[in-house]
Amino acid sequence: MVKIALVSCGTEYSGIQKEIEKAANTFGAEIILPEIDLDYIDESYAKFGFSAQSSSLKLMIARAMAIVEGRCKPDAVFIASCFRCAEGALVRNAVRKFLQDNTRIPVVTYSFTERTKADELFIRMEALATTVTRRSILAREKQEGLTLGIDSGSTTTKVVAMENNKVIGTGWTETKDIMGSVYKGVEEAFADTEYTIDDVDGIGTTGYGRINIGKQLNAELIQEELSVNAKGAVYLAGHQKGEATVLDIGGMDNKVITVNDGIPDNFTMGGICAGASGRFLDLASRRLDVSIEELGPLALQGDYRNALLNSYCIVFGIQDLVTTLAAGGSKADAAAATCHSVAEQVYEQQLQEIDLREPLIQVGGTSLISGLVEAVSEMLGGIDVIGPPYSQHIGAVGAALLVSGMGHRQDNK
């Protein structure tokens, strides 16, 4: 059983301790608490060198120290603190960095509310368990045979057919009826080939609909999108060796993943509101009366400083946009402000939760919006942002790659 050490503040008192344990148990993992005494808390706090007023935060620091010093030997670490506590956020990030600097244990950080439920934590726990139990699969660097990768996202379904380390077909459709969208995507992926789904050696599924689709198609791989997207990103970007950071601004949530030699070791996801998501970009483009494909080039022509959007909320963000246009602001400036707003929120909510390791690989459908890529680069001081080929199909590519290491269904027929 995978042992996940809980390094947290307030989970016992806020009522979410059982939710965390429930989420971990779902994926065959066990939550453990590093055992320490009062003297060790004071000793660890002095060593750590971070001033914290809360006794619970001091305990959090001591538990992290116990892991680094080998008193507790977990397979992964889940770090959590209340989203209302500024001091907790500082300690959470400091503890995460401390663990990453001194261990090779995969870590995930999370800012919880009193209403956090187990299903909100599933993907994080699954990713931690996956990183531990499927390390050999995640280390795979080459696709072999004929495989199919299916990524059922919140807004779109992507399908990729790969044969002997090459993408031979892709499919892309809106996610409506789950299986109907899959079959449409599969048909598109095989349209220019002589193959059908019956010819494949393996099927891998990821995304929101992965479990349902995987069961119906008898898929060999059913895996969460954090590890799958990370693998697909470094594979297509040609950075499977060394360090990298993967950024995926999705239709409903965002993911930032740090990778070392193709293996994810830290990830964060979510956000305060959909104002930092692809959904906001979609709504903004409609309000500007341009297609989502035209939004990026339009944004590059404008100056976000002329049309500031000041809200985290998708509703009030659109309201700011309407106000700007009503006051005579240009569409180009509004488009630039839209991209800048999303980049700024992603930076504040996710990118500051990790240690950015270059190169930064931006993936997902929003990576095709040039104005957003430029805004992300500018927000990070002008660093180069890699947009690999097939970046919008990144989850499907990762699934097709990883499933090729799990045996051939043709041999089992």
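## Phe78 and the cores

Leaving out residues up to four places away in sequence, Phe78 touches Ile4, Ala5, Leu6, Val7, Ile20, Val108, Tyr110, Leu121, Arg124, Met125 and Leu128; contact means heavy atoms within 4.5 Å. This is a predicted model, in which local features need pLDDT of at least 70, side-chain atom pairs count only at pLDDT 80 or more, and totals for chains, interfaces and linings use all residues. Residues are numbered from 1 along each chain as its sequence is written, and side-chain values use heavy atoms, with hydrogens and water left out.

Phe78 belongs to the largest nonpolar core, which has 45 residues. Such a core is a set of buried Ala, Val, Leu, Ile, Met, Phe, Trp, Tyr and Cys residues joined through side-chain atoms within 4.5 Å. Buried means under 20% relative accessible area, exposed over 50%, and partly exposed in between (1.4 Å probe, protein chains only). Ile4, Ile20, Phe78 and Met125 have the most contacts inside this core. Helix 10 (residues 225–237) gives the most to it, with 7 residues. Helices (H or I, at least four residues) and strands (E, at least two) are DSSP runs, numbered from the N terminus. Another core lies apart from the largest one and has 39 residues, including Ala276, Leu288, Leu309 and Val373.

Strands of a sheet pair through backbone hydrogen bonds, either parallel or antiparallel. Here 5 strands form an open sheet in the order 7-6-5-8-9, with mixed pairing; two strands pair if DSSP finds at least two bridges between them. Strand 7 (167–174) and strand 9 (221–222) are the edge strands, each pairing on one side only. Strand 6 (residues 156–163) and strand 7 run antiparallel and are joined by 7 bridges. Val160 stands opposite Thr170 in strand 7.

Helix 8 (residues 178–189) packs on the sheet, where it touches strand 5 (146–152), strand 6 and strand 7, and its direction makes about 145 degrees with that of strand 7. Axes are lines fitted to C-alpha atoms, for helices over the stretch in contact, and angles run from 0 to 180 degrees between N-to-C directions.

## Gln362

Gln362 is in strand 13 (residues 360–363). Its relative accessibility is 1%, so Gln362 counts as buried. Beyond its neighbours within four places in sequence, Gln362 is in contact with residues including Leu247, Ile249, Leu372, Val373 and Pro388.

## Cysteines

A search of the whole structure finds 0 disulfides, a disulfide being a pair of cysteine sulfur atoms within 2.5 Å. For Cys9, the nearest cysteine sulfur is that of Cys85, 6.3 Å away. Cys9 is buried, at 14% relative accessible area, and Cys339 is buried at 1%.
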